[in-house]
Each structure stands twice: as C-alpha cells, then as structure tokens.
Amino acid sequence: MPEQPDKWPKGAPWTLMHAHNAGQVARISCGHCNIKRFYMPQELREVIGNVTIDQVRAKVRCEKCGRKESMRAELFHPVGQELETIRFRRLVEIRWERRVVWRDE
C-alpha cells in the first residue's frame, strides 16, 4: 500500500488524521535506548494535535533515558504477522494537574 495517495495535493502535509484514515500506525523509537513503541495515530492526535509525523518526533521524549534528540518517528502500514505481534500503547486518560506557585513579597 502506498504511504500517500497518488493524487495528493502538492504541498499539503500528511497529518495524523490522514494516517488514521489510511490505516497507518505510528512507530516511535529511541536511538539511544533502542526501544520501539507503537501508537494509533488517532490517539496521538488527541494528545499532540493534528500534526505531521515530523512534528510528533520533535514533541516526544524517551520515557527511559529522557532524551529528546535521539527520537525517531515514522508512519507505516503493518502487514501480516507484523500486525499480530505489535503491542500498541493505548491512551487511557489525560490528566491535567493544577499547580500553585507562591512568591514572597
């Protein structure tokens, strides 16, 4: 399957919503720790927004080593046995914390 449709408008970005509609999966990996994690584009869209995969790479950080500069992100179509062996990270909830900062005068 092609990554993008044959008649894709020139200059139009391929966003997470387009990837979800095309049945693609996001693979985000750390080059330092060699950890690969798989996400559904629709769930990434809820957290990060409807951005391109390059912008996703710039916004994520490795949970193990904490590095941001060694992250890789790509969209792909899983096929056959690969689809059965993938363990997806699923979005459970989004929590907003309210923090109070005090200043003495």
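User: Which pattern does the chain follow, read along the sequence?

Analyst: This is a predicted model, in which local features need pLDDT of at least 70, side-chain atom pairs count only at pLDDT 80 or more, and totals for chains, interfaces and linings use all residues. Residues are numbered from 1 along each chain as its sequence is written, and side-chain values use heavy atoms, with hydrogens and water left out. The secondary structure comes to four helices and three strands, where helices (H or I, at least four residues) and strands (E, at least two) are DSSP runs numbered from the N terminus. Read along the sequence, the pattern is α-β-β-α-α-β-α.

User: What is the radius of gyration of the chain?

Analyst: The radius of gyration is taken over C-alpha atoms, and the globule rule is 2.2 Å times the number of residues to the power 0.38. For 105 residues that rule gives 13 Å, and the chain is well over this value, so it is more spread out than a compact globule. The radius of gyration is 17 Å.

User: In which order do the three strands form the open sheet?

Analyst: Two strands pair if DSSP finds at least two bridges between them. Strand E1 (residues 25–30) and E2 pair in the antiparallel sense over five bridges. Strand E2 (35–39) and strand E3 (71–76) each have a single partner strand and stand at the edges, so one side of each is left without a neighbour in the sheet. The order is E2-E1-E3.

User: Which residue stands opposite Arg27 in E2, and which stands opposite Ser29?

Analyst: Both positions belong to the pairing of E1 with E2, which is antiparallel. Ser29 stands opposite Lys36. Arg27 stands opposite Phe38.

User: Which residues form the one aromatic pair?

Analyst: Rings of Phe, Tyr and Trp (its six-membered ring) pair if their centres lie within 6.5 Å; planes under 30 degrees apart count as stacked, over 60 as edge-to-face and the rest as tilted. A search of the whole structure finds one such pair. It is edge-to-face, with 6.1 Å centre to centre and 70° between the planes, and its members are Phe38 and Phe76.

User: Is Phe76 buried or exposed?

Analyst: Buried means under 20% relative accessible area, exposed over 50%, and partly exposed in between (1.4 Å probe, protein chains only). Phe38, with a relative accessible area of 14%, is buried. At 9% relative accessibility, Phe76 counts as buried.
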